[in-house]
Amino acid sequence: MSQHSEPHGGPGSHGGHGQGGAHAHAPGHSHSHSHDSPHPDWNELAPLLERQAEIASPAYADAAAWLGTLAPAQGVRRILDVGSGPGVVTGVLAEAFPAAEAVAVDGTPELLARALARAEARGLGARVSTLHAELPAGIAGLGQADLIWAGNSVHHIGDQRAALVEFAGLLNPGGLMVLVEGGLPTRHLPSHIGIGRPGLEARLDAVNAEWFGEMRAELPGAKDEPDDWRALLAGAGLTPAGTRTFLTDVPAPVSPAVRELALAHFGRLREGCGTRLDADDRATLDRLLDPADELSLHHRTDLFHLTARTVHTARKG
């Protein structure tokens with residue numbers, strides 16, 4: 001199984017994903033899985049994952065700078081980006097910790113290839129490496145680290161508590177465990193958009209939350225665990241070191257790249273959630289995606305991108 005922060009529109013937008021380690025969702029992973037299957041085609045989603053994480057990069061850079069104030073006293077020499085996807089956040093972490101080797105960990109080889117290419121292009125090739133691993137089975141083989149970043153990836157593991165105990169075992173003394181989980185659903189439009197009933201995105205959130213619960217329940221070894229991340233980290237033998245939420249705020253008018261991301265997001269929602277929506281909301285999504293409609297996402301001047309990702313930290317020892 002690949003873990004990444006997914007593009008919003010799947011579990012990540014249920015109050016998390018998108019960008020997290022961008023593989024997510026979301027990445028950051030943000031989340032845009034097919035709602036018919038708990039196993040999205042991450043390679044197909046790669047460009048969307050990359051674009052979303054790039055848009056969220058300033059927020060991830062702020063998060064990484066904050067982590068620098070919490071980092072182990074002996075310094076950060078090895079970072080694991082668990083569920084790295086195409087490696088956008090791997091690069092952000094490598095830049096924030098210039099003495100560290102940053103390892104992109106993912107279950108999709110094509111995404112790891114993107115991560116390496118991206119690191120080379122940014123002059124980070126000497127310090128970024130990749131590790132192909134299926135989680136949770138592959139956790140034990142990831143090696144020791146001073147900082148483990150899991151961006152919207154732990155919620156893709158059935159037994160989250162057991163996985164966090166394993167991750168804690170990989171940390172060097174003083175090392176930092178970092179979870180990107182939760183936050184606020186991504187918003188792209190005002191409540192009243194002149195098509196259909198106001199509040200479309202809130203209703204899409206409700207559909208997404210229902211789907212996310214089903215996705216979790218279908219995971220191998222799934223445990224019904226409340227999302228009390230601080231308690232889960234403490235239960236893994238770690239000392240909670242602080243939680244902060246980081247904002248990605250791209251107001252209208254947006255760039256073509258942000259508009260393209262919104263179109264992909266709503267397109268996947270229409271494809272994946274259609275049967276769960278009423279006829280009115282399906283018709284609204286159809287109009288939003290129709291380039292010939294002057295009120296579509298292709299032409300709207302009120303389109304924006306606003307989301308918040310919460311970062312939970314805990315220290316070993």
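Predicted model: local features only at pLDDT ≥ 70, side-chain atom pairs only at ≥ 80, totals over all residues.
Helix H1 (42–70), S8 and strand S9 (305–315) each contribute at least two residues to the lining of the second largest cavity. H1 is the main contributor, with four residues. By class, the lining of the second largest cavity comprises six nonpolar residues, one polar residue and one charged residue.

The largest pocket has a volume of about 170 Å³. It is lined by 12 residues, of which Arg 216, Lys 223, Asp 224, Glu 225 and Asp 227 are the closest to its centre. Helix H5 (residues 200–218) gives the most to the lining of this pocket, supplying four residues. The lining of the largest pocket divides by class into three nonpolar, four polar and five charged residues.

The protein as a whole contains eight helices and nine strands. Of its 317 residues, 57% are buried. The accessible surface amounts to about 11700 Å², and carbon and sulfur atoms account for 55% of this area.

H3 has 13 residues and spans 18 Å between its first and last C-alpha atoms, close to the 18 Å expected at 1.5 Å a residue. Its buried residues are Leu 111, Leu 112, Ala 115, Arg 118 and Ala 119. Viewed down the axis of H3, these buried residues fall within an arc of 120°, and they therefore line one face of the helix. An α-helix has 3.6 residues a turn, so residues three or four places apart point the same way. The face of H3 turned away from the buried side carries the exposed residues Glu 120 and Ala 121. Gly 123, which follows H3, has a positive phi, near 75°.

The bond from Leu 135 to Pro 136 is cis, with omega near 5°. Pro 136 is placed in the loop between strand S5 (128–132) and strand S6 (145–151). The bond from Ala 252 to Pro 253 is likewise cis, and its omega is near -5°. Pro 253 lies in the loop that runs between strand S8 (239–250) and helix H7 (256–273).

The surroundings of Pro 253 also include a residue from elsewhere in the chain. The C-alpha atoms of Pro 253 and Asp 302 are separated by 6.8 Å, although the two residues are 49 residues apart along the chain. Asp 302 is found in the loop between helix H8 (279–289) and S9. With a relative accessible area of 23%, Asp 302 is partly exposed.

A further backbone feature occurs at Asn 152, where phi is near 50°, a positive value in a residue other than glycine. Asn 152 is situated in the loop between S6 and helix H4 (160–170). The relative accessibility of Asn 152 is 0%, so this residue counts as buried.

In the second pair, Glu 101 and Ile 79 are 22 residues apart in sequence, with a C-alpha to C-alpha distance of 6.2 Å. Glu 101 belongs to strand S4 (residues 101–106). The relative accessible area of Glu 101 is 31%, and this residue is therefore partly exposed.

Notes: Residues numbered from 1 in each chain as written. Heavy atoms only, no water. 1 Å grid on protein atoms, 1.4 Å probe; cavity = no way out; pocket = protein on both sides within 12 Å on 5 of 7 lines; lining within 4 Å. Points joined across faces, edges and corners; volume = space filled by probe spheres on them. Nonpolar A, V, L, I, M, F, W, Y, C, P; charged D, E, K, R; others polar. Buried < 20%, exposed > 50% of the residue type's maximum accessible area, 1.4 Å probe, protein only. Areas by Shrake-Rupley, 256 points an atom, 1.4 Å probe, with all protein chains shown as cover. Expected span 1.5 Å × (residues − 1). Arc of directions from axis to C-beta.
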